[in-house]
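Please look over the sequence and the structure below before reading on. The paragraphs that follow lead through them part by part.

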Amino acid sequence: MTTSYRYYTTRIQNRLLITKLNKVKELVSDDIPEISVVKTYPSSYVTSLLAPYDIQRLPLDGTYYMTDKSNFLNIVAWDWIDNKQYITERFDCSNFALSFKAHVDEVFGLNQVGLVIDYVTGHAYNVVVFPDHVLMLFEPQSDSLFFLKDRNEAMYYFKNSIVLI
């Protein structure tokens, strides 16, 4: 019974996040939104959240500066990477994911976004670590933010990936 309850609450949370993102996109201007750091965590926090997925983590920092999901949706709505043209081998999935991570780091001073190199699916995307002990995946080509449980494993296997964060 708890699995069923957890499954439905996760799906409802996903729908709420998508609805909020669509509303935020309508309201956000070209001005850079003011985003605050909600919490900082040591690198071990990120390691503990990624541990169940048997990934190879390449840590980039000792301290992680994070904002919450609501603020993160404002970042997604503002960011323009999803409008770039996909060019095979020149600006493909890895470039989208790396560019999004770099924008969040540079513009907002948040290092909670990681680059996922998923050799099982042959795809690159982002993982986002939130201060409420939640990991989410982000597809920068379409601005799709979703819970790991709701991922399409054919595109986002995630397990056994290399993650730079």
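**A walk through the model**

Strand β6 and strand β7 (residues 144–147) run antiparallel and are joined by 4 bridges. Strands count as paired if DSSP finds at least two bridges between them. The elements themselves are DSSP runs numbered from the N terminus, helices being H or I with at least four residues and strands E with at least two. This is a predicted model, in which local features need pLDDT of at least 70 and side-chain atom pairs count only at pLDDT 80 or more, while totals for chains, interfaces and linings use all residues. Residues are numbered from 1 along each chain as its sequence is written, and side-chain values use heavy atoms, with hydrogens and water left out.

Within this pairing, leucine 137 has phenylalanine 146 of β7 as its bridge partner. β6 and β7 make a hairpin with 4 residues between them. In the turn, aspartate 143 has a positive phi of about 60°.

Buried means under 20% relative accessible area, exposed over 50%, and partly exposed in between, with a 1.4 Å probe and protein chains only.

How does α2 face its surroundings? Its buried residues are Ser43, Tyr45, Val46, Leu49 and Leu50. They lie on the same side of α2 because they cover an arc of only 160° around the axis, the arc being that of the directions from the helix axis to the C-beta atoms. These buried residues pack against β1 (39–42), β2 (56–58), β3, β5, β6 and β8 (162–164).

Aromatic rings are the next topic. A search of the whole structure finds 11 aromatic pairs. Rings of Phe, Tyr and Trp (its six-membered ring) pair if their centres lie within 6.5 Å; planes under 30 degrees apart count as stacked, over 60 as edge-to-face and the rest as tilted. Phenylalanine 72 and phenylalanine 138 form an edge-to-face pair, because their ring centres are 6.2 Å apart and their planes stand at 90°. Phenylalanine 72 is in helix α3 (residues 69–78) and phenylalanine 138 in strand β6, so this pair ties together parts 66 residues apart in sequence. Phenylalanine 72 is buried, at 0% relative accessible area, and phenylalanine 138 is buried at 0% too. Tyrosine 86 and phenylalanine 96 make a stacked pair, with 6.5 Å from centre to centre and 15° between the planes. Tyrosine 86 is in the loop between α3 and α4, and phenylalanine 96 is in helix α4. Tyrosine 86 is partly exposed at 42%, whereas phenylalanine 96 is buried at 2%.

Ring pairs also join Phe72, Phe100, Phe130 and Phe138 into a cluster. Lysine 69 lies over the face of phenylalanine 130, 5.2 Å from the ring centre. A charge sits over a ring if NZ of Lys or CZ of Arg is within 6 Å of the ring centre and within 35 degrees of the ring normal. The charged end of lysine 84 likewise sits over the ring of phenylalanine 91, at 4.9 Å from its centre.

Helix α4 (residues 93–108) also holds histidine 103. Histidine 103 counts as buried because its relative accessibility is 15%.

Two loop residues remain. Most residues other than glycine have a negative phi. Aspartate 54, in the loop between α2 and β2, has a positive phi of about 50° and counts as exposed at 56% relative accessibility. Asparagine 160, in the loop between β7 and β8, has a positive phi near 65° and is partly exposed at 45%.

Conventions:
Contact = heavy atoms within 4.5 Å.
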